[in-house]
Amino acid sequence: MRQRLDLITLGVPDLGSVRTFYLDGLGWEPALEVPGEIIFLQVGHGLLLGLFGAADLDADVGSGETAGRAAPFTLAHNVDDEEEVRAVMEQARRAGATILKEPQRADFGGFHGYFADPAGFRWEVCFNPGWSVAPDGKVTIVPV
């Protein structure tokens with residue numbers, strides 16, 4: 001696993017109100033928005049902040065946790081292909097991670113899995129064929 005963070009996903013109780021806050025209130029521009037589902041905001045060089053419904057995030061992780069028991073966010077690490085997702089997940093397993101979701105096809109068209117580190121922080125390891133980072137650090141996400 002490369003020492004890198006690509007995406008921080010926050011599970012929010014009300015996507016509409018956080019959309020109003022970030023986009024209308026703060027004037028931030030989305031890198032990609034799937035209305036009613038998720039909003040991606042560029043917050044650094046090659047770094048996105050994802051805003052996702054807390055219940056939807058828990059369902060996507062598939063851990064059976066509720067937003068009230070675990071902090072509703074994930075850290076994401078994007079890799080180059082499906083095989084690398086499998087390899088990183090196996091490396092995490094050998095290092096002591098708890099596998100929350102085995103590598104599999106994702107609803108968004110990519111391939112991903114989730115693990116929790118020994119402290120319980122949840123990581124998504126993901127191949128997204130629509131994800132690219134330009135030399136200036138700007139992230140582009142094309143829905144697949």
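The model is predicted, so local features need pLDDT of at least 70, side-chain atom pairs count only at pLDDT 80 or more, and totals for chains, interfaces and linings use all residues. Residues are numbered from 1 along each chain as its sequence is written, and side-chain values use heavy atoms, leaving out hydrogens and water.

**Charged pairs**

Side chains of opposite charge can pair when their charged atoms come close. A salt bridge here is a side-chain nitrogen of Lys or Arg within 4 Å of a carboxyl oxygen of Asp or Glu. By this rule the count comes to 10 salt bridges.

Helices (H or I, at least four residues) and strands (E, at least two) are DSSP runs, numbered from the N terminus.

How covered are these residues? Buried means under 20% relative accessible area, exposed over 50%, and partly exposed in between (1.4 Å probe, protein chains only). Both Asp58 and Arg122 are buried. Asp6 is buried because its relative accessible area is 5%, while Arg4, at 30%, counts as partly exposed. Glu102 is partly exposed at 38%, and so is Arg93 at 35%.

**A buried lysine**

Is Lys101 buried or exposed? Lys101 counts as buried, because its relative accessibility is 14%. This residue belongs to strand β6 (residues 98-105). A polar atom of the Lys101 side chain lies 2.8 Å from the backbone oxygen of Asp60. Leaving aside neighbours within four places in sequence, Lys101 is in contact (heavy atoms within 4.5 Å) with Asp60, Val61, Met89, His112, Gly113 and Tyr114.

**A nonpolar patch**

Which residues form a nonpolar patch on the surface? They are Phe21, Leu26, Trp28 and Val43, with about 360 Å² of accessible area together. Patches are made of residues with over 30% relative accessible area and no salt bridge; like charges are joined within 9 Å, and nonpolar side chains (Val, Leu, Ile, Met, Phe, Trp, Tyr) within 5 Å. Accessible areas come from the Shrake-Rupley method with a 1.4 Å probe, and for residues only the protein chains shown count as cover. Leu26 lies in the loop between α1 (15-25) and β2 (30-34), and is partly exposed at 42%.

How values were computed: Polar contact = N/O pair within 3.5 Å; in protein donor to acceptor, adjacent residues only side chain to side chain.
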